Amino acid sequence: MKKYLTVFHTSWQNEFTYRLNFILWRVRNILRILLTYFLWNGVFLQNNNIIAGFTKPQMLTYVFLVLLVQSIVLSAPSGDSIGGEIGSGELSNYLVKPVGYLRYWFTRDLSSKLLNILFSAGELSILYLLLKPQVILPSNLITILLFILILTLSSLIYFFLEVSTRFVAFWMPEFTWGFTFLTLVFIETLSGMIFPLSLFPPFLLFMVHLTPFPYLIYYPISVFVGTISGISALAVVAAMLFWLVVLYKLSKFIWSRGIRVYASEGR
Amino acid sequence: MPIITVNHLKKHYQVHQKDPGLSGSIKSLFHRKYYDVKAVDGVSFSIEPGELVGFIGPNGAGKTTTLKVLSGLLYPSSGDVSVLGYIPWERKPAFQKQFSLVMGQKNQLWWDLPAMESFLLNKEIYEVADDQFKNTLDELVDLLDVKDLLKVQVRKLSLGQRMKMELIAALIHSPKILFLDEPTIGLDVVMQKKMRDFIKDYNRKFNATILLTSHYMDDVKELCKRTIIIDKGKLLFDGALSEIIKKYADHKLLTIVFSNGVEQKDLEKYGVIKEFESPKVVISVKREEAPKVAAKILEKFPVEDLNIEEPQIEDIIREVFTGKDVA
Amino acid sequence: MKKSLKIWWFYTANSFQQMAANRVAMVIFLFGKIFRIAMFFVFLNLVFFSAKSLGGYTPSQAILFYLIFNLIDTTGQLLFREVYRFRPLLVSGDLDLILVKPINPLVRVLLGGADLFDLVVFAALLVILLIYIPSNFIVTWPFFFGFLILFVGSLLISAALHIAILSFGILFISIDHLVMIYRDLTALMRIPADVYSAPLRFLLTFIIPLAVMFTLPAKALMGLITWPNIMLSLIISYFIFHISLIFWRWSLRFYGSASS
């Protein structure tokens, strides 16, 4: 009796152990956007008119674009690993080798991003066919180039933001999760993932612009859709460059301080 | 009346193979090859109360798997097992209260709390009476000499001190059987000895039945009168260490110190030369011929000192494992 | 049973002690949790700015739905936080050391890591509710009792879902995403389930009963649900809890059959 249970289960388990992790990750990505879509769908269902100046199709388009931008900008495995590597002492492995730690993780992020984009392309196509959002591709070459530029800047900003947060591990390995959590909450609420930031009340809008978060999701989408163009677009790029430089310097600074404190504990 | 009986225990797994590299990963997404692992393949033995038995074998031999079946963590593929009159994998609380499992390098102590807290927790889990708890605790603390460390956070203790606390936590409910899985792994030589001494003392003092697994010969040499050798899931030997020597060691070692230099090739006809570091030489000679060869060497060469010894247990067992002399 | 309670209390006290020692973390987490809760009000505000109702509910009702959602959600995190730490336990094999002990492993693995920070948020939510409700609603004793019964039902469902996650963990090991998927799904219930389309509502009532878990208790408090429905919900809750336990026991058998 136990025999076939064992065989059944073992093959079952083996089938799924790592494939499942990967599948779940993709599922979660899609699910998050689907759920936002359901949320808005539910809200509009009753009203079928305009909420804060947006019609239902417009909001749907926005949600769809969030998925597009998020899959490119917000994918970086470095986030998960760096805190752990510092806390456990594995960082030592890198320090003795002639390879820049940041550069190493940046490269890994790039490759993971590529993988992510590949799969997202597939998922986006399916969702597009299912939901049929009204997405108008920008026809203007300048807009397209601008979009690509801004996506690149967003990704870099996200990378250095994450990295700076994780470097907290140098001083307080126990708090890495705390800061990670905080960044997560901020990105969830302040980057435009649920609704366009233009819907924020004025005070909140002002506060949000003191942070780099709007530039992760909201502004890339705005450029894509054409809400922002010309001079305003240049202003956005300038702001993003500013944040990029700030975060880059910040991460380098924290790194140089942190590495001195680094006690190589755990090994 | 044996306290543990194992009858034709078998435990098989199916493991999948993956070719290395990226193409291997992609391939494994679609089609996986499985092969059978016979972790335990028909093992039988029985153990009387109060015995101190060692399971030795190379890594992957099936020792830990056997132990896990005995403690109820794994279901066997086939076979009967009885521990303290219970079927282990039914995991009856009455059974679980009477044994303890300690796995080397795995800990059950709460990291950020003093060890005492973990002891109190186990007291509740194992339902140990207050006075018995106090007595056992005092005895163990005494035996391990950790009186001042009880209120210190576990994370602040050294590895050796932590090991001691782990032992107390595992023994606070005075288990009748103690399963020790690789208890000395990762410890330095001094700690290893202390651990072994403790196990010996505990077995003697409390008459607890102790089963330990190890791939370190020294553990077994020091502790176990009775040794069970397992390899590739099969039981190769069950008996006293001295028996192994007699059964498997068909040779003896002559250790000779010469007073003058001697050529290696001159000695080669007497036996297998194990060590040649002039003036000291170690020759392996067939058991029956040892006295004769010794006499001849004394006759022919200038010998300062000559010793006839049993071969190292390690060497014997290594030969057993490489299949030279299987029972 | 009494022993399990005693040991649960032990774990909880320890967990709280540990968390309380970490004051910086406490500030960070409390801030983050409250910030997240507060930000949704912006969303609600937006909706009600344009439309006068959400699924037929008034703004104050919607706010109550959201507050009750947070109360129940926070209670779940408060009690079952240990589930988030299950994978390391599995991977390291330390789970074995838990399984050999004469105590139900769920006490440790489901309930062993009560979250002090969530307790603080829970208390804050209670205070807010105690202020908000009297000034906006009339809650009679029957309403309140109906709510309490369904609140218990919610905890049963929450426990059931977490136990299911643990069972999946034992079977497949990689459950971190699963837990987060659970959180993503529950986030749907920040607004009353009535708002969603029929098929989605069906899914959320009978397949993964999140609507039963979140929306119904709030309705009970507002007197919007009949007693037969309350009893039906309780039955569903108990049923799903029972199934999850069976699933758990079943997965433990598999663990014993095939782990190495």
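1. pLDDT is the predictor's confidence in each residue, on a scale from 0 to 100. The structure under review is a predicted model, and chain A has a mean pLDDT of 77, with 79% of its residues at 70 or more. For chain C the mean is 90, and 98% of the residues reach 70 or more. For the complex, the predictor reports an ipTM of 0.84 together with a pTM of 0.84.

2. Helix H8 (residues 202-208) of chain A has the highest value, a mean of 89, whereas helix H3 (residues 78-88) of chain A has the lowest, at 57. Residues 10-16 of chain A form a stretch where pLDDT stays under 50. For these residues of chain A the model has 11 contacts beyond four places in sequence.

3. Chain C is built from 12 helices and zero strands. Read from the N terminus, its order of elements is accordingly α-α-α-α-α-α-α-α-α-α-α-α. Along the principal axes, the C-alpha atoms of chain C fill a box of roughly 60 × 40 × 35 Å. The radius of gyration of chain C is 19 Å, which agrees with a compact globule, because a globule with 260 residues would have a value near 18 Å.

4. Within chain C, the axes of helix H8 (residues 141-172) and helix H11 (residues 210-221) come within 8 Å and cross at roughly 170°. H8(C) is therefore roughly antiparallel to H11(C), since angles over 145 degrees count as such. From H8(C), the contact draws on Phe143(C), Gly146(C), Phe147(C), Leu150(C), Phe151(C), Ser154(C), Ile157(C) and Ser158(C). H11(C) contributes Val212(C), Met213(C), Leu216(C), Pro217(C), Ala220(C) and Leu221(C). The residues of this contact between H8(C) and H11(C) comprise 11 nonpolar, three polar and no charged.

5. The next point concerns the contact between chains C and A. Chain C provides 38 residues to this contact and chain A provides 42 residues. On the side of chain C that touches chain A, at least two residues each come from helix H2 (23-50), H8, helix H9 (176-187) and helix H12 (227-258) of chain C. H2(C) gives the most to that side, with 14 residues. By class, the side of chain C that touches chain A has 27 nonpolar, nine polar and two charged residues.

6. In chain A, helix H6 (residues 141-166) and helix H7 (residues 176-190) pack with their axes 9 Å apart, at an angle of about 150°. H6(A) is therefore roughly antiparallel to H7(A). On the H6(A) side the contact is made by Leu161(A), Thr165(A) and Arg166(A), and on the H7(A) side by Thr176(A), Phe179(A), Thr180(A) and Thr183(A). The contact of H6(A) with H7(A) has two nonpolar, four polar and one charged residues.

7. In chain B, helix H5 (residues 130-144) packs against helix H6 (residues 159-171) at an angle of about 155°, with the axes 10 Å apart. H5(B) and H6(B) are therefore roughly antiparallel to each other, and their crossing is right-handed. Leu140(B), Val141(B) and Leu144(B) of H5(B) meet Lys164(B), Leu167(B), Ile168(B) and Leu171(B) of H6(B). The contact of H5(B) with H6(B) has six nonpolar, no polar and one charged residues.

How values were computed. Residues are numbered from 1 along each chain as its sequence is written. Chains are lettered from A and ligands numbered from 1 in the order in which they are written. This is a predicted model: local features need pLDDT of at least 70, side-chain atom pairs count only at pLDDT 80 or more; totals for chains, interfaces and linings use all residues. Axes are lines fitted to C-alpha atoms, for helices over the stretch in contact, and angles run from 0 to 180 degrees between N-to-C directions. Helices (H or I, at least four residues) and strands (E, at least two) are DSSP runs, numbered from the N terminus. Angles under 35 degrees count as roughly parallel, over 145 as roughly antiparallel, 65 to 115 as roughly perpendicular and the rest as oblique. Two residues are in contact if their C-beta atoms, placed from the backbone, lie within 7 Å. Ala, Val, Leu, Ile, Met, Phe, Trp, Tyr, Cys and Pro count as nonpolar, Asp, Glu, Lys and Arg as charged, and the others, Gly among them, as polar. A crossing is left-handed if the near helix is turned anticlockwise from the far one by less than a right angle, and right-handed if clockwise. The radius of gyration is taken over C-alpha atoms; the globule rule is 2.2 Å times the number of residues to the power 0.38.
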